[in-house]
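Subject: Structure for you to look at

Hi there,

Here is the structure I promised to pass on. Have a look first, and my notes follow below.

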Amino acid sequence: MPDPSPSTPAAGVLPQDQSQDQNGAQTQDQTTSVVWDPAFTRYNFGPGHPMSPVRLDLTARLCEELGLFAQDDVVVVNPPVASDEELATVHDMGYVQAVRHAGEHPDDADQRFGIGTEDDPAFVGMHEASARIVGGTLAVTKDVWTGRARHGVNFCGGMHHAMPDRAAGFCIYNDASVAIEWLLAQGVERIAYIDIDVHHGDGVERCHWNDPRVMTCSIHETGRVLFPGTGFPGDIGGPDAMGTAVNVALPPGTGDAAWLRALHASIVPLVRAFNPQVLITQQGCDSHFQDPLAHLAISVDAQRQAMEALHRLSHELCDGRWIALGEGATRSSRSCRAAGPTSPASPATTRSGSTPRSRWRGTPMSGSATTCLVPP
Ligand SMILES: [Zn+2]
Ligand SMILES: [Zn+2]
């Protein structure tokens, strides 16, 4: 793929093993590193919770049946469980200890940390399951930065609502932010994070709000009607990093054309101007028109176009250094759509909506996953 605007990594921190042939083509390994382990499905808030691990199992089985995992240019790596030291680059250790305790004694979860709540119920093994997602994102990030792979994929990652000191919105540990902190520790000077999940990427934005080395971009349904209630256009970053937070808040009912235009006309030019060395994307598929908890009207075709655009952008700006994360994909249910959008007069305070718990806990499984595959 042509590279019209080569990235300019900081001197001394270029990934190893890069070279060009006489035609200028990259001869670096073109491998895509995909992290997967059935143990990822242990991140399970229990029966009836909207974010069921079945979406991960279905995605992995689809990858296997399509032969993606067996392709010569795809390497499937197993996820380590992130260490406390790695988690501590983003999270308060008091919070980590609270998650570990909740995983050992789910009935004794400390709700001050957002766990044991309606959105983030405690479950046995919560710490290990959550830290494994971080370990997976870190593994593919290291593969991409060190040149072992061109692209990295963790379709189980993208826990973008997790805050340094608390869980939120089905997210316990913020794998994207831990990966970003790891890259910064290697000397990377410019990292772009683009979040096309239907919810505002508030946790990642918060973690890097005042860091001029990290641009966070989020396209989402407006916080006036949807969890987490943040992410407005005037939110542009902290005093030392003005302009490095980008928020495009869209009204309920936004369709393919407007959603793609928001990406192409707003996000892409700004990221080009920032000229990142690494691209990290959060590709939650809950913008899909059948998602039961949000109200955009996006098709799989448009989601595919967005992902292809992000892929092209990674080659144009970052020599292909791209870490693609999944997350947002709740159970598809036509019956839930009948409940209609959350009233603008009463912003949702939980990701599961302002509707009574029993409304979403009783939602039947449709059997169809809205999770999308990331094109390698
Ligand atoms: Zn590529
Ligand atoms: Zn989401």
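Over how many bridges do strand S1 and S2 pair? Strand S1 (residues 32-35) and S2 pair over four bridges, in the parallel sense; strands count as paired if DSSP finds at least two bridges between them. In this pair, Thr32 stands opposite Val74 in S2.

Before the rest, a word on conventions. This is a predicted model, in which local features need pLDDT of at least 70, side-chain atom pairs count only at pLDDT 80 or more, and totals for chains, interfaces and linings use all residues. Residues are numbered from 1 along each chain as its sequence is written, while chains are lettered from A and ligands numbered from 1 in the order in which they are written.

The protein has ten helices and eight strands (DSSP runs numbered from the N terminus: H or I of at least four residues for helices, E of at least two for strands). Eight strands form an open sheet with parallel pairing, in the order S2-S1-S3-S8-S7-S4-S5-S6. Strand S2 (74-77) and strand S6 (245-250) each have a single partner strand, so one side of each is left without a neighbour in the sheet.

Two helices to look for on the sheet:

- Helix H5 (residues 175-185) touches strands S4 (191-195), S5 (214-221), S7 (278-282) and S8 (322-325), where contact means C-beta atoms, placed from the backbone, within 7 Å. Its direction makes about 175 degrees with that of S7 (axes are lines fitted to C-alpha atoms, for helices over the stretch in contact, and angles run from 0 to 180 degrees between N-to-C directions).
- Helix H8 (residues 300-318) touches S4, S7 and S8, at about 165 degrees to S7.

Best wishes
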